Amino acid sequence: MDWGKGIVLTIIGFVALILTMVVISVRMDGIELVTENYYEEEIKYQDRIDESKSADDLDREVISFDVQSKVIELDLPSGTKGFLQLFRPSDSSLDQKINVEVTHSGITQIPLKDLKSGYWKVQLNWSENGIDHYQEKKITL
């Protein structure tokens, strides 16, 4: 065997390896998008920035998480309406959306004992005094 055959076999082996990796990556299951309507959400992103800034201007922590009791506590005034989205980046089938309607003053508690352990993003959209707000918190159960 001479150098020419060795180089040709090495190139053929490299091409076969690359083609195998391409086929495996194309057949992979479990590739999840962050959101199904990615492009429409991107267009609305400036609204999200404005809502987040208005939530920061409230000078209070709206979302807090109690690790011991696995409860999300929302500090919202009475009459507030919105929705809480529990977003699991690793598995979109576990995502949940909860409507929030505050009918009493004080802290509103939302239990999370039924959720699978791991990393979650808690996203809260609400309207207070005619102004839309958005706040996000990352938690680990």
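Two strands are taken to pair if DSSP finds at least two bridges between them. In this predicted model, strand E2 (residues 71-75) and strand E5 (residues 107-111) meet that criterion, pairing in the antiparallel sense over 5 bridges. Within this pairing, the bridge partner of Ile72 in E5 is Ile110.

Strand E2 also pairs with strand E1 (residues 63-66), again in the antiparallel sense, over 4 bridges. E1 and E2 form a hairpin with 4 residues between them.

The turn of this hairpin contains Lys70, which is found in the loop between E1 and E2. The phi angle of Lys70 is near 50°, a positive value in a residue other than glycine. Lys70 is classed as partly exposed because its relative accessible area is 33%, a value in between the 20% limit for buried residues and the 50% limit for exposed ones.

A positive phi is also found at Asn129, where the angle is about 55° although the residue is not a glycine. Asn129 is located in the loop between E6 and strand E7 (131-140). With a relative accessibility of 74%, Asn129 counts as exposed, since the class requires a value over 50%.

Strand E6 (residues 119-128) contains Gln123. The relative accessible area of Gln123 is 14%, and the residue is therefore assigned as buried, the cut-off being under 20%. Not counting residues up to four places away in sequence, Gln123 touches Phe83, Leu84, Gln85, Phe87, Tyr134, Gln135 and Glu136. One of these residues, Glu136, also takes part in a polar contact, in which its side chain lies 3.3 Å from the side chain of Gln123.

Ser105 is found in the loop between strand E4 (96-101) and E5. In contrast to the buried Gln123, Ser105 is exposed, with a relative accessible area of 64%. Along the chain, Ser105 and Leu124 are 19 residues apart, and their C-alpha atoms are separated by 18 Å.

Definitions and conventions. Residues are numbered from 1 along each chain as its sequence is written. This is a predicted model: local features need pLDDT of at least 70, side-chain atom pairs count only at pLDDT 80 or more; totals for chains, interfaces and linings use all residues. Side-chain values use heavy atoms; hydrogens and water are left out. Helices (H or I, at least four residues) and strands (E, at least two) are DSSP runs, numbered from the N terminus. Buried means under 20% relative accessible area, exposed over 50%, partly exposed in between (1.4 Å probe, protein chains only). A polar contact is a pair of N or O atoms within 3.5 Å; within protein, one must be able to donate a hydrogen and the other to accept it, and residues adjacent in sequence count only if both atoms are side-chain atoms. Contact means heavy atoms within 4.5 Å.
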